[in-house]
Structures are given as C-alpha cells and as structure tokens.
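Hi,

Here is the structure I promised to pass on. Have a look first, and my notes follow below.

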Amino acid sequence: MNEELNKFQLEKKSIEKQVLIGGGISLLSVLIFSATMNYGPWALIILIPGVIYMIIGTSKFNKLSKRFKNEVLRNIIVGFVEDGVFEPERGLDLNTVYNTEFLKRADRSHTEDYLSGKIDGVEFISSDVKLEERHVEHTKNGTRTYYVAYFIGRIFEFEFNKSFEGYLQVLEGASPQSKRKFQKVKLESVEFNKKFKTYSTNDHTAFYVLTPHLMEALLDFEKNNKGKIYFSFIDSKFYLGINNFKDTFELKMFKVLNESSFEEFKKELYVIKEVVKELKLNNNIFKKE
C-alpha cells in the first residue's frame, strides 16, 4: 500500500506544481496590469498560457482523483462492508434522494460515489449528493442567472427494524418537503427539542419510535458529525442526510497523501457503522408487525 500511495503522491505533486506555475504566471499578468493599468500585449502574452497551464493541471488532478478512487479506495471501501459495492461515477437516483422527503427538488443536481452493502446484516445504499437552486438577478446591465448550493453532503437509505403507521422526520434547521399532513411534536427531552425539530403525521408514531435511548443516540450522532443532520422514517426505511458541504471521498489538492489520509477516508466509512450501532438498526426485538 505504501508503494501505491507514493506513486499517487508523486504524480499528485507534479500536477500541483503545474497548477502553481500556471497560477503564478496568471498572477504576474495581473500585477503587470495593476502597475500599468493597461492590459497590453505583454500582459496578455503572459496571462493566456498561465490560465491554460492552470486549467490543464486542474483537469489532470480531477482525472487522478478518479483513478485513485477506482484503483485504491474501491478495495478499502468494498472490504469494509459485507457485499460492498463502490461505484465512484454513479450516484443515487434522484427518486431515492427525494424519497427522503426532507430535500426540496433541485434546479440542478449531481450524485456520485455510490456505496451499498450490509453492516451487521443491515442493508444500505448511499452516495454523495449536490443540490442547487437557480437564482435570477436583474441589474442595470441585464439579467444574471446563477446557482446556489443548498445541500452538499451524503444521503443514506437503511432498512429500519421497526414497521409503524404514519411518517416521522427529525430535522436540524429544516422542515419537511412533503404534502403529508405533518405536525410538530414536542418530546420529553428538552435538549432534543432544542437541537431538532420533530414532525410526524401521528403523535403515537413519534413517541413509539423516538425512545429515550434513540433520542440520545441521535444527539450523540449529531455531536460527532459536522453539518446539519436530517432523519426520516418512512415505512420500513430510515433515511439519513448529512449536509456538511463536503465531498466524502475526494483527493484534496496541496494536501499530502499518506497513511493518515486513509484514516480520514475510513472515518467517513465509520459513519455507517455508527448509525447501525447507535440506532440499533440491527435489533429486531422491538419490531412491530
């Protein structure tokens, strides 16, 4: 593994050097412009190759990241879960994303890094998801259209061990994106009510599912994971969203690739085990038929 890491690290450093050189040349062009207040031929001669060199380097880095996922990360990730499948260029389909019922429909979207398998017998599927909203701004110079991301993170779908009537959502700083007749529910835990807003179509469902232990587990999970956390319980499915504005399995430019890098990637995988363990998704003794 060390030999393989060194190979990728050397290639990564070479590409990063190219990006730095291109950026440096472009910066020099800007400095010339600032000094002369005129983008003369010399400034343009410097700017154009600098920008091109930087773009080519960035493209190479993106290709390297894809190779790293397929040649290195896939073996680690697939070996981490039973029946593991990791497909970097594939993501959850949008029907699954919106089945969570805590995410509004996007004007532009992208999913990647599909992962599925079993943890302690609990089946799951997941992927990175990016959702963006279209904005139109009218100015004196015309109309400008741009996109703003409102979700960048990971979505999970688990088989939950409880079957129950009604629908339930536990959300941090969000509200249900569904036409169901959700009502806000106050639970016995003051700390839980401060951190999350609980919505249910059936009060009995909320109190049946959100036992003191489960509420404590959800609070612990939120403390251990950065970003906004969303949960929904629909039929026998449990959905989890982590909106942390982070690409889970991406290489980072100008960050050394070594054994500690693998620990970071593995930490992302431990999120799955943490959910199964803390929420006791593999425990069927409370299953209600």
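Where does Glu-250 lie? Glu-250 is in the loop between S9 and H7; helices (H or I, at least four residues) and strands (E, at least two) are DSSP runs numbered from the N terminus.

Before the rest, some ground rules. This is a predicted model, in which local features need pLDDT of at least 70 and side-chain atom pairs count only at pLDDT 80 or more, while totals for chains, interfaces and linings use all residues. Residues are numbered from 1 along each chain as its sequence is written, and side-chain values use heavy atoms, with hydrogens and water left out.

Glu-250 counts as buried because its relative accessibility is 17% (buried means under 20% relative accessible area, exposed over 50%, partly exposed in between, with a 1.4 Å probe and protein chains only). Its side chain makes a polar contact with the side chain of Lys-69 at 2.4 Å. A polar contact here is a pair of N or O atoms within 3.5 Å; within protein, one must be able to donate a hydrogen and the other to accept it, and residues adjacent in sequence count only if both atoms are side-chain atoms. Leaving out residues up to four places away in sequence, Glu-250 touches Ser-65, Lys-69, Glu-112, Asp-113 and Phe-265 (contact means heavy atoms within 4.5 Å).

Phe-265 takes us into H7, where it is buried, as are Glu-268, Leu-269 and Ile-272, among others. H7 bends by about 25° at Leu-269, the bend being the angle between axes fitted to the seven residues ending there and the seven starting there. Just after H7, Lys-280 has a positive phi of about 55°.

Now the sheet. Nine strands make an open, antiparallel sheet in the order S1-S2-S3-S4-S9-S8-S5-S7-S6; strands pair if DSSP finds at least two bridges between them. At the edges are S1 (82–87) and S6 (183–185), each pairing on one side only. S8 (residues 228–234) and S9 (residues 237–243) run antiparallel and are joined by seven bridges. Phe-233 has Phe-238, in S9, as its bridge partner.

Finally, H6 (residues 212–224) lies across S5 (167–171), S8 and S9, at about 145° to S8. For that angle, axes are lines fitted to C-alpha atoms, for helices over the stretch in contact, and angles run from 0 to 180 degrees between N-to-C directions. The buried residues of H6 include Leu-214, Leu-218 and Phe-221, and their cover includes H4 (190–195), H5 (203–209) and H7.

Cheers
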